[in-house]
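The sequence and structure come first, and the notes follow.

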Amino acid sequence: MNGDSSRFIGPDLSDAGTDIAHVDMDAFFASVEVARDPSLRGKPVIVGGLGLRGVVAAASYEARTYGVHSALPMAVARRRCPNGVFMTPTVSYGEVSRAIMAIFREYTPHVQPISVDEAFLDLAGARRLIGSPVEIARSIRARVREEHGITCTVGIASTKFLAKLASEASKPDGLGVVARATELEFLHRLPIRAVWGIGEKTAEKLSRLGMRTVGDLARLDVDALAASVGTASAEHLYALARNIDPRPVRPERVEKSISNETTFGTDAPDASEWGPVLLELSRKVASRARAAGWAGRGVTVKIRFGDFRTITRSRMLAAPTDVGREIYEAAREMADAAATAPVRLIGVKLDHLVESAAVGRQVALGEPEHGWRDIEAVMDKATEKFGKGAVRSAGRLSRRDSRVDTRDPGNPPG
């Protein structure tokens with residue numbers, strides 16, 4: 001957080017008119033492991049895939065002092081923190097997450113989980129019955145600590161966008177309120193990268209226009225902004241730079257997961273047959289996610305063998321995605337290890353869905369500015385205009401399409 005902004009956020013500021021809370025667990029996966037094994041307390045705990053291509057899913061704050069953070073390649077994390085405690089993710093995170101979300105719902109029914117370790121709460125209706133948002137936030141933080149041995153940070157503001165920024169600025173183990181009277185002063189002092197959807201490449205473009213802070217962005221004409229980042233992005237950034245975010249807290253999610261699967265007419269003997277199909281399924285799942293405004297952090301691959309034995313393998317990604325290629329890479333790695341016999345059915349699922357607008361698409365260092373997401377967006381438009389089958393992967397074109405029978409996952413073949 002910019003030092004000048006600290007005057008406009010804090011636990012003791014007025015919460016009048018600030019009914020949205022963003023609750024975020026601190027280094028959630030790592031904190032759960034420390035709570036389970038207190039001997040890890042104070043040590044640099046790093047959770048993620050431990051293979052050659054693994055990435056960091058979570059790092060304790062002790063590990064972060066070594067430059068280790070989520071989405072960092074595990075090989076780099078080992079070099080930066082050779083004395084770290086490296087662990088694979090365990091199934092207990094979901095259990096802890098559900099218990100914590102249940103705590104939130106004791107204060108308000110208006111709870112919108114946006115990932116396994118964070119949620120938005122609308123506390124407007126709880127003011128009269130329970131107390132002010134600050135009082136509720138303090139109670140929630142105390143209960144999470146007492147009942148689960150981990151800490152969380154709460155941001156309180158008038159919009160979802162600002163509440164999330166408030167929690168980010170108050171980490172770890174903090175409480176931040178952005179008062180209505182000074183919310184634009186707080187927002188406009190932040191660097192432009194604070195705005196959802198501004199990644200490295202977009203920040204570079206805006207920097208060339210002299211944009212350094214959110215305030216600079218707010219003062220820029222929307223047409224001038226559109227000339228640099230495109231009309232859709234310009235309107236999105238223009239609104240957020242003014243704290244215009246009318247999205248309500250939505251207690252119910254329409255979709256909890258997005259999946260697609262295919263049954264082969266004859267069993268696929270190896271990856272040369274089922275691999276291109278898995279890629280196409282991943283792209284279909286990603287296209288549906290983008291159309292619905294979701295990104296997902298969980299990837300599951302389903303495999304049914306010729307003897308009807310069925311297995312599933314799941315993995316949590318370092319960050320939510322709506323890119324088919326990224327879904328495929330995770331699914332393919334799991335399928336390569338699990339497909340030990342000819343395959344009758346293969347499928348892929350994206351879950352742990354979050355609002356893609358709340359995540360933003362951050363371009364990684366060295367990643368092409370126009371990467372797989374841009375390519376897949378073009379494929380979406382081609383499919384919309386010319387119909388299904390207008391765009392297909394090269395691998396599928398070389399296969400006999402009569403070998404497969406693609407069906408809706410809601411009506412799986414027997």
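**Helix packing and an annotated site**

Helices α4 and α6 cross in a right-handed manner (a crossing is right-handed if the near helix is turned clockwise from the far one by less than a right angle, left-handed if anticlockwise; helices are DSSP runs of H or I of at least four residues, strands are E runs of at least two, both numbered from the N terminus). The model is predicted: local features need pLDDT of at least 70, side-chain atom pairs count only at pLDDT 80 or more, and totals for chains, interfaces and linings use all residues. Residues are numbered from 1 along each chain as its sequence is written, and side-chain values use heavy atoms, with hydrogens and water left out.

**The α4–α6 pair**

- Two packed helices are described by the angle between their axes and the distance between the axes.
- For α4 (residues 92–105) and α6 (residues 133–148), the angle is about 145° and the axes are 10 Å apart (axes are lines fitted to C-alpha atoms over the stretch in contact, and angles run from 0 to 180 degrees between N-to-C directions).
- On the α4 side the contact (heavy atoms within 4.5 Å) is made by V96, A99, I100, I103 and F104, and on the α6 side by I140, R143, V144, E147 and H148.
- By class, this contact has 7 nonpolar, 1 polar and 2 charged residues (nonpolar: Ala, Val, Leu, Ile, Met, Phe, Trp, Tyr, Cys and Pro; charged: Asp, Glu, Lys and Arg; polar: the others, Gly among them).

**Helix α6**

- The 16 residues of α6 should span 22 Å at 1.5 Å a residue, and the end C-alpha atoms are 22 Å apart, which agrees (the expected span is 1.5 Å times one less than the number of residues).
- Buried residues of α6 include I140, R143 and V144 (buried means under 20% relative accessible area, exposed over 50%, partly exposed in between, with a 1.4 Å probe and protein chains only).
- The buried residues of α6 pack against β1, α4, β6, α5, β7 and β8.
- Just after α6, G149 has a positive phi of about 70°.

**The annotated pair**

- An unreviewed UniProt entry places the feature "binding site" at D24 and D117 (positions are in the numbering used here, feature names are shortened, and annotations may be inferred rather than shown by experiment).
- These positions are spread over 94 residues of sequence but cluster in space, with a largest C-alpha distance of 6.0 Å.
- D24 lies in strand β1 (residues 20–25) and is buried, at a relative accessible area of 10%.
- D117 lies in the loop between β5 and β6 and is buried, at 13% relative accessible area.
- Leaving aside neighbours within four places in sequence, D24 is in contact with D117, E118, C152, T153 and K171.
- With such neighbours again left aside, D117 is in contact with V23, D24, M25 and F28.
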